[in-house]
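Take a look at the chain below. Then work through the report that follows.

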Amino acid sequence: MAAFISCLVLACFCFAADACGLMSGNALVIMGGAMLFPAWDPKDAIINGVIADMLGNAEANKNRAFSSSFTINIFGSVV
């Protein structure tokens, strides 16, 4: 968990430093983006766990919710 939080904090610092113009080019944005990759999979696991807990035995609704979550995940990966 500490590594996960550290990556998010480093990403925030990279994006903030880029916004302040501390370095020209896209290096800080690329480094910040690389720090966000470890955050992607735990987020999906947590969201899917919440969906499963909230919907319980409603299999049809769970199927719709998981499909929507997957679509949003794919859209986020492309963007």
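By how many helical turns are Glu59 and Lys62 of helix 3 separated? By about one, because the two sit three residues apart in helix 3. Keep that pair in mind; the report comes back to it.

**Ground rules**

This is a predicted model, where local features need pLDDT of at least 70, side-chain atom pairs count only at pLDDT 80 or more, and totals for chains, interfaces and linings use all residues. Residues are numbered from 1 along each chain as its sequence is written, and side-chain values use heavy atoms, with hydrogens and water left out.

**The whole protein**

The protein has three helices and zero strands. Here helices (H or I, at least four residues) and strands (E, at least two) are DSSP runs, numbered from the N terminus. The order from the N terminus is α-α-α. The radius of gyration is 17 Å, well over the 12 Å that the globule rule gives for 79 residues, so the protein is more spread out than a compact globule. That radius is taken over C-alpha atoms, and the rule is 2.2 Å times the number of residues to the power 0.38. Along the principal axes, the C-alpha atoms fill a box of roughly 50 × 25 × 15 Å.

Of the 79 residues, 15% count as buried. Buried means under 20% relative accessible area, exposed means over 50%, and partly exposed lies in between (1.4 Å probe, protein chains only). The accessible surface is about 5800 Å², and 72% of it belongs to carbon and sulfur atoms. Such areas come from the Shrake-Rupley method with a 1.4 Å probe; for residues, only the protein chains shown count as cover.

Start with helix 1. Its buried residues are Cys7, Ala11, Cys14 and Ala17. Seen down the axis, the buried residues of helix 1 fall within an arc of 130°, so they line one face of the helix. The arc is that of the directions from the helix axis to the C-beta atoms. On the other side of helix 1, Ala2, Cys12, Phe13, Ala19 and Cys20 are exposed. Leu8 also lies in helix 1. At 28% relative accessibility, Leu8 counts as partly exposed. Gly21 follows helix 1, and its phi is positive, near 80°.

Now helix 3. Lys62, Ser69 and Asn73 are buried there. They cover an arc of only 40° around the axis, which puts them on the same side of helix 3. Asn63, Arg64, Thr71, Phe75 and Val78 are exposed on the other side of helix 3.

**Back to the pair**

Is Lys62 buried or exposed? Lys62 counts as buried, because its relative accessibility is 14%. Leaving out residues up to four places away in sequence, Lys62 touches Ile51, Ala52, Leu55 and Gly56. Touching here is contact, with heavy atoms within 4.5 Å.

Which residue forms a salt bridge with Lys62? Glu59 does, and the closest N and O atoms are 3.5 Å apart. A salt bridge is a side-chain nitrogen of Lys or Arg within 4 Å of a carboxyl oxygen of Asp or Glu. By this rule the count is one salt bridge.
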